[in-house]
Amino acid sequence: MKTLNSQRTAVRRLHHWIAGKPVAGSADSLGPVTDPATGEVTAQVPLASAEEAAEVVAAAKAAFPGWRDTSLAKRTRILFRFRQLLDERADELAAIITSEHGKVLSDAVGEVARGQEVVEFACGAPHLLKGSATENASTAVDVESIRQPLGVVGIISPFNFPAMVPMWFFPVAIAAGNTVVVKPSEKVPTAALWLAELWQEAGLPDGVFNVLNGDKTAVDALLTNPDVKSISFVGSTPIARYVYETGTAHGKRVQALGGAKNHMVVLPDADLDLAADQAINAGFGSAGERCMAISVVVAVGEVADALVDKIATRARDLRTGDGRRGCDMGPLVTEAARERVSGYINAGAAAGATLVVDGRTGTFDAEGDGFFVGPTLFDHVTPDMSIYTDEIFGPVLAVVRVGTYDTAVELINANPYGNGTAIFTNDGGAARKFRSEVEVGMLGINVPVPVPMAYYSFGGWKNSLFGDTHAHGSEGFHFFTRGKVVTTRWLDPSHGGINLGFPRNT
Ligand code: NAD
């Protein structure tokens with residue numbers, strides 16, 4: 001990481017966003033934000049104390065009664081305005097994402113578009129929040145069910161989707177009448193602050209959307225504050241488990257999405273050029289820093305040699321560099337991430353896997369000391385190697401060779417993660433069998449990164465999700481509301497009398 005003296009640009013001092021205003025936070029605890037393509041420190045972000053976190057929650061709590069009572073018509077009008085502004089200024093947000101995360105601009109534009117889809121979905125809140133009613137459930141008794149907002153909800157997000165992951169949650173939470181505290185990753189804080197200003201421009205009342213910058217201290221403060229009613233967390237599996245256990249122990253509703261190890265099965269009848277293209281897209285897009293990235297290609301039967309050859313040729317052709325220069329692949333997010341990924345490549349080679357394409361060396365199209373690792377391909381990987389067992393979260397693709405379809409499915413089902421998987425085949429029967437048997441939450445058939453549309457719900461199985469409610473779609477509205485059932489009888493003079501028995505339907 002370069003020192004401040006060698007900066008080409010001034011280092012920005014970031015802030016929290018509380019009740020519609022930037023709030024500096026204490027200067028005693030600041031974290032560096034870097035441009036991963038150049039290695040430069042570009043900003044300092046405040047890392048909140050527990051007291052600062054309480055202040056943000058108090059602002060969100062104060063805004064809740066007014067927002068809960070704001071009509072759905074008014075709420076959705078603000079959502080439509082937010083959607084319009086985001087559409088007009090998507091490029092600005094994409095540039096921010098690239099400058100702090102490192103992903104190439106076209107990828108960042110795609111991220112914004114997928115987040116935008118959740119805003120569009122949430123604009124349908126009046127329909128999605130409709131309850132149900134029954135007339136004459138018992139004689140002259142009517143029953144209705146309604147769903148009401150929770151109050152203050154906490155959203156804690158990872159570095160790899162600075163805009164899209166928070167947007168899996170907050171459009172739905174806000175549409176449903178909650179007030180929100182977003183705690184972005186301290187590595188990529190600017191996108192959330194930019195979104196806060198956009199909400200203000202769209203007319204959202206102050207205090208409905210707040211940003212708390214920080215690290216573990218801020219997360220723990222949200223997890224233990226009784227005024228925070230739910231936590232939506234996305235990050236690595238150990239932290240997701242911790243967040244789920246701590247949040248639920250403090251009486252909160254928690255959905256905690258964790259890490260992944262996604263397998264792509266290639267059957268002998270597959271179109272190998274299509275499979276190789278998609279392995280490249282899904283393995284090296286965003287430098288492998290996606291929870292839905294493919295990190296293992298399971299080559300079934302005789303396809304392995306030809307498939308490895310096709311993937312290797314394509315991997316060698318990729319141009320890695322600064323995401324603003326039209327490259328195919330950008331850097332990793334931090335120096336530590338680059339060291340970790342290089343360590344895994346060393347370990348894979350030492351364990352006896354065949355290193356077909358080595359990303360540790362090469363030329364990168366960038367200035368400065370960016371955190372680059374090029375596309376890396378291993379063949380003959382076995383399930384005991386750390387490059388197979390661990391989530392590497394970098395541009396490292398491992399090919400495991402198996403003899404049969406059954407062995408491929410056994411491999412996937414034995415894996416502790418269950419986020420995404422894909423099968424490449426022209427055999428509808430095999431694909432249908434895979435759909436039924438595989439123990440993974442999101443599955444693609446000839447689609448390598450099967451991220452569900454906003455009107456479906458996103459979430460994995462096993463160690464990829466703690467809690468039972470997935471993000472957005474109908475499950476999102478369910479998570480951010482609680483049900484109430486009302487039983488009504490308008491008495492007429494003929495009713496009355498005392499009866500201590502349990503109410504029965506008559
Ligand atoms: P991370 O777990 O390090 O951080 C996630 C969030 O937790 C951040 O806001 C961070 O500040 C906070 N945090 C970090 N350490 C903490 C601690 N000890 N206690 C409390 N909070 C803590 O994850 P990351 O490196 O930012 O993101 C990458 C991970 O996220 C990968 O494992 C990836 O698979 C996962 N991810 C999963 C999904 C999904 O949908 N399942 C989506 C995106 C990313």
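**Around the ligand**

Modeller: Domain 1 (12-258 + 464-486) and domain 2 (262-445) each contribute residues to the shell around the ligand, so the ligand lies between them; the domain bounds come from an automatic or database domain assignment. This is a predicted model, where local features need pLDDT of at least 70 and side-chain atom pairs count only at pLDDT 80 or more, while totals for chains, interfaces and linings use all residues. Residues are numbered from 1 along each chain as its sequence is written, and side-chain values use heavy atoms, leaving out hydrogens and water.

Among the 27 residues around the ligand, those that come nearest are Lys-183, Glu-186, Ser-236, Gly-258 and Glu-391 (near means a heavy atom within 4 Å). The shell is made up of 14 nonpolar, nine polar and four charged residues, with Asp, Glu, Lys and Arg counted as charged, Ala, Val, Leu, Ile, Met, Phe, Trp, Tyr, Cys and Pro as nonpolar, and the others, Gly among them, as polar.

Now for some atom pairs. An N or O atom in the Ser-236 side chain is 2.7 Å from an oxygen atom of the ligand. From the backbone, an N or O atom of Phe-159 lies 3.0 Å from a ligand oxygen atom.

Key: A polar contact is a pair of N or O atoms within 3.5 Å; within protein, one must be able to donate a hydrogen and the other to accept it, and residues adjacent in sequence count only if both atoms are side-chain atoms.
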